[in-house]
Amino acid sequence: MTEHDLLERPSADTNDVTVKSPALPANIEAEAAYLGAVLIDNRVIEELPTTIRPEHFFEPVHQRVYERVLTLLDRGAVVTPVTLKPYFEADEALKELGGITYLARLTADGQGLLAPRELAQQIYDLALLRELVSVGRNLVEGALDTSVDVAPMQQIELAEASLFNVAEGAGGQSEASSFSLASHKALGLIETAINSGGSISGKTTGLTSINQKIGGLHDSDLIILAGRPGMGKTSLVTNIAFNCADRFLRDQADGIEKSVGAPVAFFSLEMSADQLATRILSEQAGISSEALRMGKISREDFQRLSFASQRLADLPLFIDDTPALTIAALRTRARRLKRKHDIGLIVVDYLQLLQGTGRANDNRVNEISEISRGLKTLAKELEVPVIALSQLSRAVEQREDKTPMLSDLRESGSIEQDADMVWFVYREDYYVQSKEPKRPIETDDQKVHEAHAAWMAEMEQVFGLAELVVAKQRHGSTGKVRMKFEARITKFSDLADDDPRANYDSSL
């Protein structure tokens, strides 16, 4: 065909050419055969490798029939064309297919029983293809719409989010959930809490005292962990990330399916991956992290370190230390980790080092608001808890009582607004140590000796004592959790029941 021939071809809007829209991918016969198999043998649904939902069917009548089948099965009833009859006698769309006799015809030849798995997989695959067509159509319409401010990077992020949902089989799930579905999920969480001994309904932090206070880390929650420099924010969140990943590893080895642990994604914008790994190895081997960095360890210490490294070789903890990430790039990487490794917890260290999209960069408050909203959206989208570290303003240092409060969150009130929980790490020994008076010598006045002795007594009370202040919690009460902090190996742990410091009141 020549260029002249192409130019002479009639256009699509002439009467000589009829343009037909391609039909959406569907197989009505496969849907009917699969429904027939289910109505003959209800156990077919239990044996499917892929979960089929009503919206995966193309034919609306098949959607309603399958939805009713699932409802009856959930009640423990046996589902057959006869038991379905009362629910569809007035269904106008079913009357067009032959009325109630159509339900009987579904089971007439029983062909679906020959390959129910294959039929279900085809129904599922075709539903994903239809969703992909819908996503593509929306992307094209959005890209062609130049009537509003053009934001190509935002369009790309939306495209990736939509494709991620399709890949996860989540396409079309943005609609409202029925109360039945929501309550069923809630009962599952309560069951998990009961099975864990009554303290965890989410992911474990590895610290009993925190688990008892918050019930574990809940899916879709944004948790802000804040504190002044030197309080141990990174140490605590590293401990939690390790404990969660290690619990998942141990539960897998023990054959436990419903683990309260999970693979963890750790986005470290401040420390490198090897620095974080050094911290974890230091804690697990019981060797000072400072000694590790300087190489001042014995042969025995190195052997313990080697054993710890081998034991943790398969730890599902994925560290991304890319600097200067934008919130859009972080969400892209998180989706990829969710798809590849099914992560169940995301840690961001720390929020103020993230960057916005660029449009709000001239206003830092707006940029931080965009980032906090982005993190909350990510938690809901991936259905995982997100822990983000945050800085506190210097206002803490100006007060007599150094315990942080919500108004100390730096740069934006939206952090408090978007967060489901806000935690503060507070170590009184940090401030007491900085107030050490003059160390007395023999010739000093008695008051100098008494002042230093009083300081020593106070330091003994608070040394190694840390508090987690739960300042906001949507799901429960606020309050304080007391822990032990070992600075040598940067480890937080539960206080022993017989530790006298458990009753220490710093306000007295």
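User: Where is Leu 24 found?

Analyst: Leu 24 is found in the loop between α1 (3–8) and α2 (28–40); helices (H or I, at least four residues) and strands (E, at least two) are DSSP runs, numbered from the N terminus. This is a predicted model, in which local features need pLDDT of at least 70 and side-chain atom pairs count only at pLDDT 80 or more, whereas totals for chains, interfaces and linings use all residues. Residues are numbered from 1 along each chain as its sequence is written, and side-chain values use heavy atoms, with hydrogens and water left out.

User: And what patch does Leu 24 make with Ile 28, Phe 58 and Val 133?

Analyst: Those residues make a nonpolar surface patch of about 290 Å². Patches take residues with over 30% relative accessible area and no salt bridge, joining like charges within 9 Å and nonpolar side chains (Val, Leu, Ile, Met, Phe, Trp, Tyr) within 5 Å; areas come from the Shrake-Rupley method with a 1.4 Å probe, and for residues only the protein chains shown count as cover. Leu 24 counts as partly exposed because its relative accessibility is 41%, between buried (under 20%) and exposed (over 50%).

User: Switching to the sheet, what's the strand order?

Analyst: The order is β3-β2-β4-β5-β1-β6-β7-β8-β9 in an open sheet of nine strands with mixed pairing, where two strands pair if DSSP finds at least two bridges between them. β3 (317–320) and β9 (491–494) stand at the edges with a single partner strand each, so one side of each has no neighbour in the sheet. On average, neighbouring strands are turned by 25° against each other, direction ignored.

User: Which helix packs on that sheet?

Analyst: Helix α12 (residues 273–285) does, touching β2 (264–268), β3 and β9, and its direction makes about 145° with that of β3. Contact means heavy atoms within 4.5 Å, while axes are lines fitted to C-alpha atoms, for helices over the stretch in contact, with angles from 0 to 180 degrees between N-to-C directions.

User: OK, salt bridges: how many are there in the whole structure?

Analyst: There are 19, each having a side-chain nitrogen of Lys or Arg within 4 Å of a carboxyl oxygen of Asp or Glu.

Technical notes:
Buried means under 20% relative accessible area, exposed over 50%, partly exposed in between (1.4 Å probe, protein chains only).
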